[in-house]
Amino acid sequence: MIRVEKLSVEVGDFSLRDVSLEIPRGSYGMLTGRTGCGKTTILESIAGLTPIRSGRIILADRDVTRLKPAERGVGYVPQDGALFTTMTVRDQLGFALMIRRRPAKEIARRVEELAEWLGITHLLDRKTAGLSGGERQRVAIGRALSFEPQILLLDEPLSALDDQTRQQMYKLLEEVQRRTEVTALHVTHHAEDVARLADVVFHVDHGEVRQVDAPRFVS
Amino acid sequence: MAVARGIGRGERVQEGRGIVTSASLVGDGSKRAWSDPSFFALLAAIGGTYVLLIVAMLAADALYLLTGSPDIPVSVDFDMDAHGKAASHEARVSDLYQGYGLTIELAEGSGSLQLIDTGKVPWQWRHLGTPHVDFGGPGMGKGGVRRQATQNNAALGRVLVVTEPSGKENWYECRFDFSSPAELDGLRFSAPLARPVQLTVVTEDGQELTRSVAASIEHDKWQGPSAQHVLVGAPWDFGGVEIEFASRRRATARTSGGTAVRQPSLRTFVADPKLGRLRPVAARRVVRFRWTDAVALDEVTLLNCLEPAIVTLRDTGGETVHREKISATGPNGVREVVFEKRGVAEVAIELPPEAAIAELRFRWSGKVLSDWERRHPRLARWASNPLVTAFGKPEIRYSIKLTLIACTITTILSLWVAVPVGYLLSRYRFPLHNLIDAILDIPIVLPPLVVGLSLLILFQFFPRSVQSAVVYEIPAVILAQFAVACAFAVRSMRGSFLQIDRRREQVALTLGCTRAQAFFYVVLPEAGRGMLTAGTLAWARALGEFGPLLVFAGATRMKTEVLSTTVFLELSVGDLGAAVAVSLIMVASAIVVLILARMWGSRVLSI
């Protein structure tokens with residue numbers, strides 16, 4: 001689960017005050033709001049990539065406020081995927097496990113497994129140049145999930161995709177959630193994403209966050 | 001759903017939500033877009049002038065090497081022989097310059113060719129002394145005085161004179177020249193005299209009063225006129241003599257191993273004793289200089305021509321190419337006669353009595369031709385073009401080796417520093433960030449000589465052992481190159497790191513990396529291309545570095561000489577061909593490195 005208590009962040013001139021939200025375990029949370037209102041900042045704070053002024057962050061019943069990003073057990077899919085351009089897809093998927101010094105056999109097995117249910121087996125030995133938008137996001141998601149984190153953070157992963165690919169990604173994300181039971185927090189400004197995926201929705205507006213009803217549960 | 005179609009080639013249409021993509025209206029106007037010739041001609045003309053300039057410079061260098069005949073200037077001044085060693089007094093003059101293929105002989109009349117040192121002439125030879133007394137030397141004679149066209153204002157060292165035996169023995173002479181007439185007080189010999197010596201006092205109006213002296217003259221006991229010059233001489237070595245003159249001042253001279261003493265109002269000279277045995281012939285003589293292969297005669301310098309001299313130039317076939325009459329210089333006068341004639345194989349100089357030849361300047365191909373080279377001159381020129389001869393010189397081979405090694409080490413060091421510094425500057429905003437940034441720009445902005453000088457001064461503060469190990473030694477070459485090249489590398493790396501998206505490192509952190517791991521696994525590989533660029537930049541800058549090297553490392557041949565200083569050294573010696581050859585070597589090595597870096601980079605880093 002993801003719980004943020006009275007988070008205050010300052011990035012340059014921009015600031016968020018006393019933001020609180022909670023996403024139950026295994027749920028798919030969404031952060032909506034206009035561009036530039038701080039959604040990415042909240043995500044980065046949860047991941048530990050932006051220092052916070054005050055507040056607490058609790059992930060999967062652990063207080064991670066003082067922990068480094070590597071210790072938080074968070075899978076992070078930034079905008080545009082941010083794939084490593086000098087590594088093959090295979091290496092990227094195995095990267096987190098390689099850092100954790102897992103045996104090579106285990107890494108290979110996990111990579112094959114991920115590639116299969118993400119549908120990117122045919123891309124394993126390619127470098128990232130020339131991959132389509134959808135393929136890139138699949139690799140990014142695979143990379144983020146490779147070490148089986150309990151939390152998945154996605155920053156507008158579908159914004160650059162065309163409709164057809166977007167539909168495919170909805171199916172993929174639903175399957176991800178079903179298989180891995182991660183608690184997800186997905187930032188978007190697109191209404192259809194909310195309609196399709198969200199269990200819990202938060203709206204960010206002028207530095208304040210409030211929960212709104214998830215369209216899925218509205219009949 | 002609306003569907004739009006365009007006309008012409010190259011259009012694309014997307015069915016869907018009425019979205020039309022691509023410039024479907026361009027069609028085969030894709031050619032039209034680039035077909036504005038006058039505009040592109042204008043751009044090409046402006047930019048092309050610079051490209052042309054670069055190409056022209058390189059082409060001129062190459063052309064010079066391939067077609068120009070090497071022209072090495074030589075100065076036969078009778079002080080050094082053809083191999084750059086000091087010519088000894090006893091050397092046979094005729095063979096002294098065999099190294100240039102030059103023989104010198106007396107063409108007509110009796111006498112022998114001698115080299116005399118014009119700084120050590122005895123009184124009898126005073127018209128052949130250089131420089132003139134006006135300029136602080138032993139020469140005397142109206143022709144050489146200040147503000148004459150033939151003024152004798154520089155020491156000419158050894159000159160060539162035709163002499164005959166004087167019938168006397170060696171003459172050991174100490175000479176004292178006063179700038180204004182002096183009252184003499186006393187005379188003291190360093191050792192008791194076995195026989196009397198000759199004392200000559202020359203007064204202001206040129207009167208010479210000679211007497212013989214058997215013992216020291218005591219202080220205040222010397223009676224006589226005030227002297228402009230005092231000469232103490234004997235046909236045997238009397239050791240040394242000390243004179244006292246007005247206001248109790250003293251001057252000392254020693255005949256054995258003689259050192260001349262200088263004082264503000266007085267000059268002391270010790271003559272070369274062997275000149276006592278000789279005297280210049282009192283008749284006209286012809287001295288002939290003959291080369292095995294034709295040279296370009298530039299200049300002849302004559303000394304003490306009391307009558308006109310005649311110079312005749314002949315070519316290899318013996319035909320007279322030029323004949324010139326040179327007007328008299330007056331006693332002790334010097335005249336430089338400029339010829340600048342090519343194809344000269346023989347110079348015959350008809351010298352008036354008591355005249356001397358001070359210097360001969362010519363330009364030659366650099367070596368005595370062998371027979372086959374004489375038969376096939378064009379082929380020989382090709383085979384001995386400056387590029388080939390440059391590689392033949394061990395100094396230049398050493399220079400190339402040192403350059404390659406030093407530039408490579410500098411590049412490695414520069415990258416070693418530039419990568420961390422560039423990363424820090426690009427990622428972190430620490431206090432004094434702007435100041436550090438400015439400091440790192442300083443070596444780029446400073447004049448190179450200032451960088452070298454500052455390094456030199458910096459090392460003054462180090463202990464002597466460190467100084468002697470570094471300054472003017474090979475480490476100084478690397479340090480001087482590094483000081484400037486690194487600044488360029490830092491600048492380049494900072495730019496590369498700024499271009500790498502921070503998000504990738506952030507993702508790496510979430511995947512479990514420490515900062516260091518994120519740097520090594522993610523950032524560094526991505527910066528590979530940037531490192532190659534920075535490295536190439538640093539290498540090229542190190543190759544071209546000259547100012548700091550000259551000041552801090554010196555330009556000692558076979559020690560701290562690199563290619564950039566070689567060009568300077570060869571230019572300063574006047575060997576234009578070698579300088580151009582080395583320049584082209586530098587250009588070639590720079591191009592090779594650039595190509596290699598591109599090739600290697602594209603293969604290894606998939607650029």
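**Entry 1. Terms and model**

I take helices (H or I, at least four residues) and strands (E, at least two) as DSSP runs, numbered from the N terminus. The structure I am reading is a predicted model.

**Entry 2. The turn at A:Ala60**

I looked up A:Ala60 in chain A. A:Ala60 sits in the loop that lies between strand 4 and strand 5 of chain A. I noted its phi, which is positive at about 50 degrees even though the residue is not a glycine. The two strands make a hairpin, with two residues between them, and A:Ala60 belongs to the turn. I then checked the pairing: strand 4 and strand 5 of chain A run antiparallel and are joined by two bridges. One pair I wrote down is A:Ile58, which has A:Asp63 of strand 5 opposite.

**Entry 3. The sheet that holds this hairpin**

Which order do the four strands of this open sheet in chain A take? I read the order as 2-1-4-5, and the pairing is antiparallel. Strand 2 (14-23) and strand 5 (62-63) of chain A have a single partner strand each and stand at the edges, so one side of each has no neighbour in the sheet.

I went on to strand 1 (residues 2-11) of chain A, which runs antiparallel to strand 4 (residues 54-59) and is joined to strand 4 by five bridges. I noted two residue pairs between these strands. A:Arg3 has A:Ile58 as its bridge partner in strand 4, and A:Ser8 stands opposite A:Ser54 of strand 4.

I also looked for what packs on this sheet. Helix 1 of chain A does, touching strand 1, strand 2 and strand 4, and its direction makes about 115 degrees with that of strand 1.

**Entry 4. The six-stranded sheet of chain A**

I found another open sheet in chain A, with six strands in the order 6-7-8-3-9-10 and mixed pairing. Its edges are strand 6 and strand 10 (208-212) of chain A; each has a single partner strand, so one side of each is left without a neighbour in the sheet. From one strand to the next the twist averages 20 degrees.

I picked out strand 3 (residues 28-33) and strand 9 (residues 200-205) of chain A, which run parallel and are joined by five bridges. Here A:Gly33 is opposite A:Val204 of strand 9. Helix 1 of chain A packs on this sheet, touching strand 3, strand 6, strand 7 (151-155), strand 8 (183-187), strand 9 and strand 10. I get about 150 degrees between the direction of helix 1 and that of strand 7 of chain A.

**Entry 5. Where chain A touches chain B**

How many residues does each chain bring to the contact? I count 26 residues from chain A and 17 residues from chain B. The two chains bury about 1,800 Å² between them, and 64% of that is on carbon and sulfur atoms.

For polar links across the interface of chain A and chain B I found five residue pairs in polar contact and one salt bridge. The salt bridge pairs B:Arg503 with A:Glu44, with the closest N and O atoms 3.3 Å apart.

I then asked which elements of chain A make up its side of the contact. Helix 1 (39-47), helix 2 (69-72), strand 6 (74-77), helix 3 (89-99) and helix 5 (133-145) of chain A each supply at least two residues. Helix 3 gives the most, with four residues. Sorted by class, the side of chain A that touches chain B has 17 nonpolar, four polar and five charged residues.

**Entry 6. Two items in chain B**

I looked for cis peptides and noted one between B:Thr130 and B:Pro131, with omega at about -10 degrees. B:Pro131 lies in the loop between strand 3 (112-117) and strand 4 (158-165) of chain B.

I also followed strand 18 (residues 334-351) of chain B, which pairs with strand 15 (residues 285-303) in the antiparallel sense over 13 bridges. Strand 16 (residues 309-314) of chain B likewise pairs with strand 18 in the antiparallel sense, over five bridges. Which residue of strand 18 stands opposite B:Arg288? I find B:Ala348 there. B:Ala348 is also the bridge partner of B:Thr312.

Terms used. Residues numbered from 1 in each chain as written. Chains lettered and ligands numbered in written order. Predicted model: local features only at pLDDT ≥ 70, side-chain atom pairs only at ≥ 80, totals over all residues. Heavy atoms only, no water. Contact = heavy atoms within 4.5 Å. Buried area = accessible area lost by both parts, 1.4 Å probe. Salt bridge = Lys/Arg side-chain N within 4 Å of Asp/Glu carboxyl O. Polar contact = N/O pair within 3.5 Å; in protein donor to acceptor, adjacent residues only side chain to side chain. Nonpolar A, V, L, I, M, F, W, Y, C, P; charged D, E, K, R; others polar. Pairing = 2+ DSSP bridges. Axes fitted to C-alpha atoms, helices over the stretch in contact; angles between N-to-C directions.
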